[in-house]
Amino acid sequence: MTKEKSSVLHLGIDLGTSRSSVSASNGQHHVVESYVGWPVDMVARKLIKKSVLFGHDALEARPMLDLHRPLERGLIKEGSQKDEQAVRELLQHLISLANPEGNQKVCAVIGVPAEAMRVSRQHLRNAVKGVADSLMIVSEPFAVAYGMDALLHTMIIDIGAGTTDFCVMNGRYPTDEDQRTLTNAGDSVDEQLVTLLRAKLPDAQFSIHMVRAWKEKFSFVGEPKGKVDVTVPVNGKPTVVDIAPEIQRACESLLPPIVETMLDLISRVEPEYQESVRHNIILAGGGSQIPNFAAALETALGEIGGGRVKAVDDPLFAGSNGSLAIAADAPESDWEKLPG
Amino acid sequence: MLHDAVEENVATITGAVPRRRRRVSGRMWFGLAAVAALVFFLVRPQGPAATGPARPNPAIEMAAAMAEAPRVGTGGGNAALQPPVPHVIDPTIFRLAVRKIVLDPGHGGTDPGAMTGGLREKEITLDIAERVAAVLAAQDFVVVLTREGDETRSLQQRVDAANTAKGDVLVSIHVNSIPTEERRGVETYYLGAASDSRIERLAGAENSGSGYSLADFRHLLEGVYADVRHEESRRLAQAVQGRLFSALMHANPQIEDRGVKQAPFVVLVGTEMPSVLAEVACLSNKEDTLLLKQDSYRQQIAEALAAGVRGYAAARGAVTTLARRGAGAN
């Protein structure tokens with residue numbers, strides 16, 4: 001029996017290592033940082049007044065929380081029931097943000113890092129079981145491509161926190177050989193920035209969260225436009241430090257592996273379509289917003305005849321909007337095959 | 001296109017492996033031919049290694065075959081024959097000490113590895129391994145080397161030596177050679193499918209003359225990706241890579257952090273302990289070559305590798321255990 005359209009809420013969810021977003025057919029759009037935290041004890045519970053916190057709220061209250069970032073390098077941290085529970089909590093939170101009505105059937109498409117699809121498909125399915133009435137899991141770059149209607153002779157490069165996913169779209173559902181994953185991504189830039197800053201400022205005190213915030217605010221590749229001054233305690237004394245060289249070096253560490261993989265994937269495309277793919281490269285994910293990154297990739301493409309790299313306009317919702325488009329297009333008969 | 005996405009999800013729900021459509025392209029035919037060539041390659045007598053400035057001619061066939069190998073045993077469309085998905089055990093529940101370190105100096109004997117400017121990879125890896133051994137032994141670790149001189153050792157012999165010694169971790173030491181001469185850096189591998197063709201070629205080169213048959217490989221690879229050792233190897237690789245880069249960046253300011261990567265190196269497949277393969281420098285780069293001629297730089301590499309092992313061991317709770325057991329414990 002076909003249900004009335006209004007009785008179904010379609011959701012597109014981008015389950016990311018760093019941030020997760022939801023786009024709903026009722027017009028709701030939300031993004032949260034992928035942190036889930038439970039109060040560590042009775043005192044924390046009394047102060048927080050909630051059984052679980054998400055995103056920025058969880059990060060802010062982290063001393064009082066058992067804090068989890070359940071995805072690491074594109075995979076659910078398998079073996080930890082707490083992290084699987086964190087994934088479920090996070091998805092339930094995202095669904096609740098979309099504000100489904102009590103009698104609405106929730107049909108969700110969840111975009112996940114491509115590596116998670118390949119390596120831990122079954123674990124992923126188990127972790128998300130029961131969070132919606134019907135569930136479909138797709139790889140994130142495919143969701144981005146679908147949402148942008150970029151399904152033929154295009155390449156998606158999705159630079160996330162845990163992984164950089166590549167997907168060449170050939171007008172069909174991508175196979176393993178159309179996709180690649182690198183662990184050179186936002187988190188590896190953070191780690192390298194920490195290493196470089198510790199070498200430069202051995203007496204400075206900073207946390208990974210501070211370094212991540214600096215990266216997100218000041219990242220760039222290419223020639224620096226000026227100093228990047230941040231204030232950091234050195235032996236307890238607030239000190240202004242120029243970290244432009246370290247930011248530049250850490251961000252540029254992404255370029256060699258991404259360029260190598262991009263060129264290699266292009267070389268594997270059927271020869272008559274290589275030029276089309278070169279001119280239709282879409283940069284998605286948080287890393288797509290690094291100033292000059294797309295231009296640097298275009299410079300690399302110059303070695304093989306040139307090309308065009310375009311960053312998505314809305315990296316926060318490109319994945320979830322694509323997943324929503326898949327959810328809306330999937331026929332009811334397909335949804336009936338997919339229990340939640 | 002959406003139908004394929006749904007089919008993949010349904011297959012996952014039912015426990016079947018999704019049927020993946022694959023193009024039967026020229027490359028695939030090449031891959032199939034490569035698998036056939038592998039059988040010939042593995043049964044032929046082991047010959048001397050190449051002597052050029054780059055690595056021995058890469059056995060791409062090996063890499064191609066190994067890239068196929070993980071699918072064996074999980075492929076096919078018959079759901080009834082599918083083994084249950086193994087659930088990974090959280091390794092932190094064991095809190096086991098890391099006491100015995102197996103060091104594997106790459107190449108040796110008739111296999112010089114990469115060569116340039118009078119330097120041979122086999123000599124550099126042995127020298128660095130001996131330095132690492134000295135540092136670790138001074139810190140109460142028990143150290144075993146898979147070769148202690150200029151000896152020819154097949155990869156299977158190295159694996160057997162590591163397993164017989166019942167090492168807690170293995171670090172295989174190599175020196176890289178990259179086609180682009182201006183590139184340099186350090187990278188650390190743990191077991192997994194290669195993420196690009198360069199790594200496939202590198203794995204092929206390092207795997208040549210392994211002494212294993214294709215059937216051995218299929219057996220070894222079944223289940224490896226899902227076990228505790230895989231996750232522990234990743235942690236060890238992160239510890240080693242982090243220390244290598246941070247220690248060498250002062251003496252070698254242009255060094256690249258080429259990252260933690262996955263590749264199907266034989267020595268990582270067959271060993272029964274967390275294992276990594278570290279490419280500690282690039283012999284294809286002139287500046288790296290000059291640095292590798294310096295004892296002090298080799299010592300820095302050795303101390304960084306030892307620090308990586310030490311850091312990993314400390315994270316596993318080994319330090320307390322070592323202190324309690326005292327020196328020479330085994």
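Two residues are said to be in contact when they have heavy atoms within 4.5 Å of each other. This is a predicted model, in which local features need pLDDT of at least 70 and side-chain atom pairs count only at pLDDT 80 or more, while totals for chains, interfaces and linings use all residues. Residues are numbered from 1 along each chain as its sequence is written, chains are lettered from A and ligands numbered from 1 in the order in which they are written, and side-chain values use heavy atoms, with hydrogens and water left out.

Begin in chain B with Arg147(B), which lies in the loop between strand E4 (142–145) and helix H5 (155–164); helices (H or I, at least four residues) and strands (E, at least two) are DSSP runs, numbered from the N terminus. Arg147(B) has a relative accessible area of 1%, and because buried means under 20% (exposed is over 50%, partly exposed in between, with a 1.4 Å probe and protein chains only), Arg147(B) counts as buried. Leaving aside neighbours within four places in sequence, the residues in contact with Arg147(B) include Pro105(B), His107(B), Thr125(B), Leu126(B) and Arg158(B). The C-alpha atoms of Arg147(B) and Arg158(B) are separated by 8.0 Å, although the two residues are 11 residues apart along the chain. The side chain of Arg147(B) also reaches the backbone oxygen of Gly106(B) at 3.0 Å, and a polar atom of that side chain lies 2.7 Å from the backbone oxygen of Lys122(B).

Turning to chain A, you will find 14 helices and 17 strands, and buried residues make up 57% of its 340 residues. Among contacts in chain A between residues at least 6 apart in sequence, 67% join residues at least 24 apart.

How do two of these helices meet? The axes (lines fitted to C-alpha atoms, for helices over the stretch in contact, with angles from 0 to 180 degrees between N-to-C directions) of H7 (residues 186–200) and H8 (residues 208–218) of chain A come within 9 Å and cross at roughly 110 degrees. H7(A) and H8(A) are therefore roughly perpendicular to each other, since angles of 65 to 115 degrees count as roughly perpendicular, under 35 as roughly parallel, over 145 as roughly antiparallel and the rest as oblique. Among the residues that meet are Leu193(A) and Leu197(A) in H7(A), and Ile208(A) and Trp214(A) in H8(A).

Key. A polar contact is a pair of N or O atoms within 3.5 Å; within protein, one must be able to donate a hydrogen and the other to accept it, and residues adjacent in sequence count only if both atoms are side-chain atoms.
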